[in-house]
Amino acid sequence: MSWCFAPSALSRFDTDTPEMLVLYVLGTAGRALRRRLSRATLGSTRTSRKDRALPKPVLEFFFDCSSPWTYLAFSRIEALAERAGAVIDWRPVLVGGIFNAVNDTVYEQRANPNPVKARYYVKDIQDWARYCGIVIGQPPVFPVRAVDAMRAAIVASDEGKLPAFARATFRTYWSELKDISQPDVLAAICAEVGLDWNMVSRRIKEEDVKKRLRDNTEEVIARGGFGSPTMFVGKTDMYFGNDRLPLVEAALKALVK
């Protein structure tokens, strides 16, 4: 038995599957089934394209490596973003600049701590450190001049190494208790994460790098921030502090539902 098709019909087969060719040959019943299958295939294609086109939510993370509570948050923020399907916008700042502008009572509290609260503070931070799987000690230099370290974080961002640099800087200061204001300490951190210290030490003196760190600090103040870490979901939804991470994760997941 042989089959003959008009050229117009054959051209339709060129772009269809073999299964559709069989259904076409079967006649009217096949054509009805073919239409249903085509609609289902088209709908599936549209859904997958929509899924691929959805942008990931952005989590802005304003941070300073001289803050122990920020170290706690940093140790978990990447895993949180992965679970929530989000991307992190790393924003180095100078927390001292934030305190000077909008939260100067911090200095009075450090100078004259409440002894009852101070005892609990020591326990609380160690409880959190164990929970996060990191070590937080008492650096002999505190507060530390972190401006060069945070300018170096800007340079590390340009080189695609910011998370590694920040992680090493947090650990060096809070776990190894080294003074991150010292050039030799920063040089060792850079070597650990694959950054050229000669390049970094030159760039942290450049006005562009200084300005970007200053701009980040002024921006978080203008947006209502008063310390580190400060996080934003969807540009306007602000969260402050290590203990707010569950709320941050919930907010990010709500954006992708």
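1. Let me start with a contact worth a look on screen: the charged end of Arg223 lies over the ring of Phe232, 3.9 Å from the ring's centre. A charge counts as sitting over a ring if NZ of Lys or CZ of Arg is within 6 Å of the ring centre and within 35 degrees of the ring normal.

2. A word on the source. This is a predicted model, in which local features need pLDDT of at least 70 and side-chain atom pairs count only at pLDDT 80 or more, while totals for chains, interfaces and linings use all residues. Residues are numbered from 1 along each chain as its sequence is written, and side-chain values use heavy atoms, with hydrogens and water left out.

3. Now the overall picture. The protein chain has 13 helices and four strands; these are DSSP runs, numbered from the N terminus, with helices being H or I of at least four residues and strands E of at least two. Of its 257 residues, 39% count as buried, where buried means under 20% relative accessible area, exposed over 50%, and partly exposed in between (1.4 Å probe, protein chains only). Among contacts in the protein chain with a separation of 6 or more, 69% come from residues 24 or more positions apart; contact means heavy atoms within 4.5 Å.

4. The sheet is open, and its four strands follow the order β2-β1-β3-β4 with mixed pairing. Two strands pair if DSSP finds at least two bridges between them. At the edges stand β2 (87-92) and β4 (237-240), each with a single partner strand, so one side of each has no neighbour in the sheet. From one strand to the next, the twist averages 20 degrees.

5. Six bridges join β1 to β2, and the two run parallel. Across this pairing, Glu60 stands opposite Asp89 and Phe61 stands opposite Trp90. Five of the six residues of β1 are buried, so the strand is mostly covered. Helix α4 (residues 68-84) packs on the sheet and touches β1, β2 and β3 (230-233), its direction making about 165 degrees with that of β1. Axes are lines fitted to C-alpha atoms, for helices over the stretch in contact, and angles run from 0 to 180 degrees between N-to-C directions.

6. On to the aromatic rings: the structure holds 15 aromatic pairs. Rings of Phe, Tyr and Trp (its six-membered ring) pair if their centres lie within 6.5 Å; planes under 30 degrees apart count as stacked, over 60 as edge-to-face and the rest as tilted. Phe63 and Trp90 are an edge-to-face pair, with 6.1 Å from centre to centre and 80 degrees between the planes. This pair links distant parts of the chain, since Phe63 is in strand β1 and Trp90 in strand β2, 27 residues apart. Phe63 is buried at a relative accessible area of 0%, and Trp90 counts as buried at 15%.

7. Trp90 has another partner in Phe74: their ring centres are 5.5 Å apart and their planes at 45 degrees, so this pair is tilted. Here helix α4, which holds Phe74, is linked with strand β2, the two residues being 16 residues apart. Phe61, Phe63, Tyr71, Phe74, Trp90 and Phe170 form one aromatic cluster.

8. Two buried residues in the helical part are also worth a visit. Ile134 lies in the loop between α7 (115-132) and α8 (147-158) and is buried at 15% relative accessible area. Leaving aside neighbours within four places in sequence, Ile134 is in contact with Tyr71, Leu72, Ser75 and Ala129. Ile134 and Tyr71 are 63 residues apart in sequence, with 8.8 Å between their C-alpha atoms. Arg151, in helix α8, is buried at 18%; with neighbours within four places again left aside, its contacts are Ile204, Val209, Lys210 and Leu213.

9. Lastly, some backbone details to check. Cis peptide bonds join Phe142 and Pro143, with omega about -5 degrees, and Ser228 and Pro229, with omega about 5 degrees. Leu177 has a positive phi of about 60 degrees although it is not a glycine, and at 33% relative accessibility Leu177 counts as partly exposed. Lys235, in the loop between β3 and β4, has a positive phi near 75 degrees and is exposed at 57%.
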